[in-house]
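Group the points by topic and keep the wording plain.

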2 protein chains.
Amino acid sequence: MIRDSILKNRSYRRFYEEIDIKLETLRELVDLARHSASAMNAQPLKYILSWEAQRNSLIFPNLTWATYLRGWSGPAEGERPSAYIVILGDTEVSRFWDYDAGIAAQSVLLGATERGLGGCMIANIRKEGLRKALEIPSRYEILLVLALGKPKDKVVIETVGPGGDTKYWRDSEGVHHVPKRPLDEIIIVS
Amino acid sequence: MIRDSILKNRSYRRFYEEIDIKLETLRELVDLARHSASAMNAQPLKYILSWEAQRNSLIFPNLTWATYLRGWSGPAEGERPSAYIVILGDTEVSRFWDYDAGIAAQSVLLGATERGLGGCMIANIRKEGLRKALEIPSRYEILLVLALGKPKDKVVIETVGPGGDTKYWRDSEGVHHVPKRPLDEIIIVS
C-alpha cells in the first residue's frame, strides 16, 4: 500500500551506519526516479551515488542537519547515513528541474522504505564545498542530497491546529515529533 | 510494490470521463501529500479540489496539453479528466515550495494509480485565466494542476540511446511512446 509506505517514509536523520547499502540497491532506487514524470520529459536530472565510507565522508560535512534541533549538529559517527544519492540538474538539458527533483526524490525514498531503509531529503547543502569534494563539473547544479540508511530514529506525526507551530522537535527520550497541518486547513476549496 | 506503481503511473491525457471520482477519494489523495516531506516542514502547499462537471469545465480551458503532440490540442469531450487537484503555494507560509510540489504530486499520482486511476501533472497552465476562473486569491501562487481520471491512453516506455530524442510521440494506433534516458547515462558517478 502506497499509504503505508508514505506513512513509514519519515525523514530519518540517525541510522545504523554499520548496515551497508549496496551499489545495486542505489541503482534500483535511481531506476525508480528514471521512470518517474519529468517536465516536457526532458529528464535533466543526473545522479551521483555514494555507498562507501570514503566518498560518504566527503559528502557528510557539506550537509546541514535539522535546523530546528538546536544543539544537535547532525548524526554522530556510527549513526550517519550508509549511502547517499546526490541529485544534480544538468544545465545542458533543461533548467526546469525543481518539480522533477521533488518527484524523483519521493520515488527514491518510497523505494527505500519498501526495502526497510529510510532517509532524508537535504536541500540545505554547502554547495561549493560539496562541488569541490566530489569534483562536480560546473555544468551540473547541485539540487538535493538524499541521505540513506537503516533508520534508528523513532518519528511520530502529529496534527497541529490551524496556524499552529510546524517546527519538528525531539523529546527527552529522543523521539522525533513532526507536526503536520490538518487536511481541512490545506484543502481550501472542495 | 512501489516499482509496479511507478511503472503503471504514466502521464495519461485521455480518460473515461464518464467514470466519476468522488470527493472522498481526492481528500484521501491530498492526505498522502499531507504526510509527505516538506522543506523545513513548513508545508506551504494548499489544494483546490474539483470533481464535478461545472468546476472541471472552468479548469480545463486553462491547461496546455502535450506540447510535443502537434495537431492535438488536448482530450476531446468525453475523454477529459474526471477530476483535478490544483496545487497552490501559500506565500504567507513559505516560498520554498518547488520540491514540495513535486513530492506532493508524486504521492498523489501514486495513490491514484493504486486506485486504478491515473493522471498527468500539468505545469503549463494559463495561470491568470485559472486564477480568474476559480477566484484564487493573490496570496496563492498556482504551481501545478493534477488532472485525474480512469486512463484510456496506452503508454509505453522506451529507452533512448545517449543524447537521443526524449520527445514523447503517439503512433498511428494512438499508443503514446515515452523515451527515457538509460540508467547509465543519468548516473554520472557510482
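A:Asp31 is buried, because its relative accessible area of 13% is under the 20% cut-off. In this predicted model, A:Asp31 forms a salt bridge with B:Arg3, and the closest N and O atoms are 3.2 Å apart. B:Arg3 lies in helix 1 (residues 2-8) of chain B and A:Asp31 in helix 2 of chain A, so the pair joins two chains. B:Arg3 is partly exposed, with a relative accessible area of 34%.

**Salt bridges**

- Side chains of opposite charge can pair when their charged atoms come close.
- Over all chains, the count comes to 26 salt bridges.
- Between chain B and chain A, the count is four salt bridges.
- A:Arg3 and B:Asp31 meet through their side chains in a salt bridge, at 3.2 Å from N to O.
- Within chain A, the side chains of A:Lys152 and A:Glu79 meet in a salt bridge at 3.4 Å, N to O.
- This pair links distant parts of the chain, 73 residues apart: A:Lys152 is in the loop between strand 4 (140-149) and strand 5 (155-159) of chain A, and A:Glu79 is in the loop between helix 3 and strand 2 of chain A.
- A:Lys152 is partly exposed, with a relative accessible area of 36%, and A:Glu79 is partly exposed, with a relative accessible area of 21%.
- Within chain B, a salt bridge is formed by the side chains of B:Lys46 and B:Asp90 (3.2 Å, N to O).
- That pair also links distant parts of its chain: B:Lys46 sits in strand 1 of chain B and B:Asp90 in strand 2 (residues 83-90) of chain B, 44 residues apart.
- Both B:Lys46 and B:Asp90 are buried.
- In chain A, salt bridges that share partners join A:Lys46, A:Asp90, A:Glu92 and A:Arg139 into one network.

**The interface between the chains**

- The size of an interface is often given as the accessible area lost when the parts come together.
- For chain B and chain A, the buried area is about 6000 Å², and carbon and sulfur atoms give 60% of that area.
- Chain B brings 66 residues to the contact, and chain A brings 66 residues.
- Across the interface there are 38 residue pairs in polar contact.
- Helix 4 (residues 98-114) of chain B gives the largest share of the side of chain B that touches chain A, namely ten residues.
- On that side of chain B, the residues divide into 38 nonpolar, 15 polar and 13 charged.
- Strand 8 (residues 187-189) of chain A runs parallel to strand 1 (residues 45-50) of chain B, and two bridges join them.
- A:Ile187 has B:Tyr47 as its bridge partner in strand 1 of chain B.

**Two buried strands of chain B**

- Strand 3 (residues 118-122) of chain B is largely enclosed by the rest of the structure, because five of its five residues are buried.
- B:Gly118, B:Cys120 and B:Ile122 point one way from strand 3 of chain B, while B:Gly119 and B:Met121 point the other way.
- Strand 3 of chain B pairs with strand 4 (residues 140-149) of chain B in the antiparallel sense, over five bridges.
- One of the residues involved is B:Ile122, whose bridge partner in strand 4 of chain B is B:Val145.
- Strand 7 (residues 176-180) of chain B is mostly covered, with five of its five residues buried.
- B:His176, B:Val178 and B:Lys180 point one way from strand 7 of chain B, and B:His177 and B:Pro179 point the other way.
- Strand 5 (residues 155-159) of chain B is joined to strand 7 of chain B by five bridges, and the two run parallel; B:Val156 stands opposite B:His177.
- Strand 6 (residues 169-170) of chain B runs antiparallel to strand 7 of chain B, with two bridges between them; B:Arg170 stands opposite B:His176.
- Strand 6 and strand 7 of chain B form a hairpin with five residues between them, and B:Gly174 in the turn has a positive phi of about 85 degrees.

**Two loop residues of chain A**

- A:Asn62 lies in the loop between helix 3 (53-59) and strand 2 (83-90) of chain A, and counts as buried at 10% relative accessibility.
- Leaving aside neighbours within four places in sequence, A:Asn62 has contacts including A:Asn124, A:Arg126 and A:Leu130.
- A:Ile19 is in the loop between helix 1 (2-8) and helix 2 (23-34) of chain A, and counts as partly exposed at 35% relative accessibility.
- Leaving aside neighbours within four places in sequence, A:Ile19 is in contact with A:Ser82 and A:Lys150.

Key. Residues are numbered from 1 along each chain as its sequence is written. Chains are lettered from A and ligands numbered from 1 in the order in which they are written. This is a predicted model: local features need pLDDT of at least 70, side-chain atom pairs count only at pLDDT 80 or more; totals for chains, interfaces and linings use all residues. Side-chain values use heavy atoms; hydrogens and water are left out. Helices (H or I, at least four residues) and strands (E, at least two) are DSSP runs, numbered from the N terminus. Buried means under 20% relative accessible area, exposed over 50%, partly exposed in between (1.4 Å probe, protein chains only). Contact means heavy atoms within 4.5 Å. Buried area is the accessible area (1.4 Å probe) that two parts lose on being put together, summed over both. A polar contact is a pair of N or O atoms within 3.5 Å; within protein, one must be able to donate a hydrogen and the other to accept it, and residues adjacent in sequence count only if both atoms are side-chain atoms. Ala, Val, Leu, Ile, Met, Phe, Trp, Tyr, Cys and Pro count as nonpolar, Asp, Glu, Lys and Arg as charged, and the others, Gly among them, as polar. Two strands pair if DSSP finds at least two bridges between them.
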